[in-house]
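Me: I would like to learn how to read a sheet and a helix pair. Please take me through one example.

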Amino acid sequence: MTIEITSAQARRIALAAQGFGRPAPVEPGTRQINDLVRRLGVVQIDSVNVVSRTHYLPLFSRLGAYDRGLLERAAWGPGKRSLFEYWGHEASFLPVESQPLLRWRMARARDGELWTGLARFGRERRDYVDGVLAEIERRGPVTGADFAAGPRGKPGWWEWSDGKRALEWLFWSGFITTRTRRGFERVYDLTERVLPAAVADAPTPDDAEAQRGLILIAARAMGIATAADLRDYFRLSLEDSRAMLAELVEAGALIPVTVRGWSKPAYLHLEARRPRRIEASALLSPFDNLIWFRDRTERLFGVRVRLEIYTPAHKRERGYYVLPFLQDEAITACVDLKADRQNRTLLVQAAWTEPEADAETPVRLAIELRRMAAWLELDRVTVVGRGDLAPALADALLNSACA
């Protein structure tokens, strides 16, 4: 008989799997950072820095104020690293031990299964690409600027030079990876010179074994999920994942369940925790693992999370960089934030309630905004914008400042 789970239970399972509901460590260190990234399986990278670049935010949401330099050292060295960069969900940090599970994607990239224009470039300019790889082997770490000369691409290619195209093709294909970053610019080197030797020398699993491994990582990170949720986590195809799901169910690693209110069947990870309650306060990056798949977010929380970065300003409903606020087991509000670093102020450009907001929402949100501001080395939080929650939030911030 298929197990039936309530929507509230599913929500708590999902939150616990994502690392919420646990006491934050007093002083998060390298071990806690590595443990959390392994729990999540993948952390999305994005360049937008209006508040903080997104890869720093999921750790703050779960661990509290931590030293961002520890994450940078884990990903970019110096010394032995525990994370590497690749296309996991999107551009992502992943634990180094996951690298063999993604070699099938690298092999398919070499065979042309990647962006159409880049695939064509790899076919038509393979001699040039091989020359760039040989130059990296000879010279050592390089950036896109080292190969900037030559024809520029069309605007849809971000005006990449041929050298940048070659580097991206080599990155997708696994020949090179990120050694470090300067500012936000990747510095590339041969993969075997960046990864720990034990990882670089590890055997390559076949495609089916690797994809089963990725689905299991996704299932553990989500706790409970539909087939579409599991595919989306590492961007697997329907064709690749259908048989893998059936095999994992047969092996007992995933348990088929139904969730009241969900239109699709779901799968429960065998080791998923089922807490009776979740206590949490967290501002969530719009690219946070918990909410990046919008269909799942709406199923779990009954809210529609909007990403309006690419929407013209006059058409935005909520704002440019909107962070939902997790209050215990519900998303109760969202805020459009901007770090005004020159004036050392975290600006709340808009603040909105969600259906499950209550009288505590502005107070708890104010506390979390002050925590974030302190972590970002900003001195104050100021409400400057619109939204139905803005007046109450401004009052809560004023009262907490006077307390």
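Predicted model: local features only at pLDDT ≥ 70, side-chain atom pairs only at ≥ 80, totals over all residues.

Me: In what order do the 5 strands of the open sheet lie?

Reply: Helices (H or I, at least four residues) and strands (E, at least two) are DSSP runs, numbered from the N terminus; two strands pair if DSSP finds at least two bridges between them. Here the order is β10-β11-β12-β13-β14, with mixed pairing. β10 (281-283) and β14 (380-386) each have a single partner strand, so one side of each lacks a neighbour in the sheet.

Me: How are β12 and β13 paired?

Reply: β12 (residues 330-340) and β13 (residues 345-353) run antiparallel over 8 bridges. Leu 337 has Val 348 in β13 as its bridge partner.

Me: Which strands does helix α15 lie across?

Reply: Contact means heavy atoms within 4.5 Å. Axes are lines fitted to C-alpha atoms, for helices over the stretch in contact, and angles run from 0 to 180 degrees between N-to-C directions. Helix α15 (residues 361-375) lies across β10, β11 (322-327), β12, β13 and β14, at about 60° to β10.

Me: At what angle do α7 and α8 cross?

Reply: The axes of α7 (residues 126-139) and α8 (residues 162-172) cross at roughly 80° and come within 9 Å. Residues that meet include Val 129 and Leu 133 in α7, and Ala 166 and Leu 170 in α8.

How values were computed. Residues numbered from 1 in each chain as written. Heavy atoms only, no water.
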